[in-house]
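Dear colleague,

Here is the structure that I promised to pass on to you. Please look through it first, and then read my notes below.

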Amino acid sequence: MLRRALTPFLLALTLVLVLAPAAPAHDGGQGTFGIANDKVVTNAGFILIAFFPLFVFAMSMLQMSLDRRKERRKAARKALAREDRVRGGW
(Lines give C-alpha, C1' and ligand atoms only; values in the text may rest on other atoms or scores of the structure.)
Protein backbone atom coordinates (compact mmCIF):
# COMPACT_ATOMS: atom_id res chain seq x y z
CA MET A 1 0.00 0.00 0.00
CA LEU A 2 2.78 2.43 0.91
CA ARG A 3 4.63 1.73 -2.32
CA ARG A 4 1.51 2.39 -4.39
CA ALA A 5 1.05 5.77 -2.69
CA LEU A 6 4.74 6.67 -2.78
CA THR A 7 5.16 6.35 -6.56
CA PRO A 8 2.66 9.07 -7.61
CA PHE A 9 3.90 11.33 -4.81
CA LEU A 10 7.51 11.05 -5.97
CA LEU A 11 6.46 11.58 -9.58
CA ALA A 12 4.54 14.75 -8.67
CA LEU A 13 7.40 16.02 -6.52
CA THR A 14 9.88 15.47 -9.34
CA LEU A 15 7.60 17.24 -11.80
CA VAL A 16 7.24 20.25 -9.50
CA LEU A 17 10.98 20.45 -8.87
CA VAL A 18 11.76 20.26 -12.58
CA LEU A 19 9.19 22.84 -13.68
CA ALA A 20 9.52 25.29 -10.76
CA PRO A 21 12.66 27.10 -12.00
CA ALA A 22 10.94 27.89 -15.32
CA ALA A 23 7.97 29.59 -13.67
CA PRO A 24 9.52 32.98 -12.82
CA ALA A 25 11.65 33.02 -15.99
CA HIS A 26 8.79 34.24 -18.19
CA ASP A 27 8.90 37.94 -19.12
CA GLY A 28 11.60 38.95 -16.69
CA GLY A 29 9.75 37.59 -13.67
CA GLN A 30 6.88 40.02 -14.13
CA GLY A 31 4.15 37.39 -14.40
CA THR A 32 1.23 37.02 -16.75
CA PHE A 33 -0.98 39.77 -15.25
CA GLY A 34 1.50 42.60 -15.48
CA ILE A 35 2.97 44.94 -12.92
CA ALA A 36 1.76 44.18 -9.40
CA ASN A 37 1.16 47.63 -7.94
CA ASP A 38 -0.69 48.41 -4.69
CA LYS A 39 -4.12 48.50 -6.31
CA VAL A 40 -3.67 45.07 -7.93
CA VAL A 41 -2.45 43.49 -4.70
CA THR A 42 -5.28 45.08 -2.68
CA ASN A 43 -7.93 43.92 -5.14
CA ALA A 44 -6.48 40.41 -5.14
CA GLY A 45 -6.65 40.43 -1.34
CA PHE A 46 -10.28 41.56 -1.42
CA ILE A 47 -11.09 38.78 -3.88
CA LEU A 48 -9.51 36.24 -1.54
CA ILE A 49 -11.37 37.67 1.45
CA ALA A 50 -14.65 37.27 -0.43
CA PHE A 51 -13.82 33.89 -1.98
CA PHE A 52 -13.07 31.82 1.10
CA PRO A 53 -16.27 32.51 3.08
CA LEU A 54 -18.33 31.99 -0.08
CA PHE A 55 -16.49 28.74 -0.77
CA VAL A 56 -17.07 27.51 2.79
CA PHE A 57 -20.76 28.46 2.56
CA ALA A 58 -21.20 26.70 -0.81
CA MET A 59 -19.47 23.53 0.39
CA SER A 60 -21.54 23.55 3.59
CA MET A 61 -24.75 23.82 1.57
CA LEU A 62 -23.58 20.96 -0.65
CA GLN A 63 -22.76 18.83 2.39
CA MET A 64 -26.15 19.59 3.94
CA SER A 65 -27.89 18.61 0.70
CA LEU A 66 -25.95 15.35 0.50
CA ASP A 67 -26.70 14.55 4.15
CA ARG A 68 -30.42 15.07 3.58
CA ARG A 69 -30.26 12.82 0.52
CA LYS A 70 -28.46 10.15 2.54
CA GLU A 71 -31.06 10.29 5.30
CA ARG A 72 -33.92 9.99 2.80
CA ARG A 73 -32.28 6.95 1.21
CA LYS A 74 -31.70 5.34 4.60
CA ALA A 75 -35.34 5.94 5.56
CA ALA A 76 -36.57 4.46 2.28
CA ARG A 77 -34.36 1.40 2.71
CA LYS A 78 -35.61 0.94 6.26
CA ALA A 79 -39.25 1.25 5.14
CA LEU A 80 -38.72 -1.32 2.40
CA ALA A 81 -37.09 -3.74 4.83
CA ARG A 82 -40.18 -3.59 7.07
CA GLU A 83 -42.55 -4.75 4.35
CA ASP A 84 -43.24 -8.49 4.40
CA ARG A 85 -43.35 -8.86 0.63
CA VAL A 86 -39.90 -7.35 0.21
CA ARG A 87 -38.29 -9.14 3.14
CA GLY A 88 -38.69 -12.54 1.55
CA GLY A 89 -38.06 -15.79 3.33
CA TRP A 90 -40.44 -18.64 4.13
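Helices are DSSP runs of H or I with at least four residues, strands are runs of E with at least two, and both are numbered from the N terminus. This is a predicted model, in which local features need pLDDT of at least 70 and side-chain atom pairs count only at pLDDT 80 or more, while totals for chains, interfaces and linings use all residues. Residues are numbered from 1 along each chain as its sequence is written, and side-chain values use heavy atoms, with hydrogens and water left out.

The chain has three helices and zero strands, and Leu48 is found in helix H2, which covers residues 38-82. With a relative accessible area of 47%, Leu48 is partly exposed, because that term covers values between buried (under 20%) and exposed (over 50%), taken with a 1.4 Å probe and protein chains only. Buried residues make up 0% of the 90 residues in the chain.

Two aromatic pairs were found in the whole structure. The ring centres of Phe51 and Phe52 lie 5.1 Å apart with their planes at 70°, so this pair is edge-to-face, whereas Phe51 and Phe55 have centres 5.6 Å apart and planes at 25°, so they are stacked. Rings of Phe, Tyr and Trp (its six-membered ring) pair if their centres lie within 6.5 Å, and planes under 30 degrees apart count as stacked, over 60 as edge-to-face and the rest as tilted. Phe51 and Phe55 both lie in helix H2, four residues apart, which is about one turn of the helix. Together, ring pairs link Phe51, Phe52 and Phe55 into a cluster.
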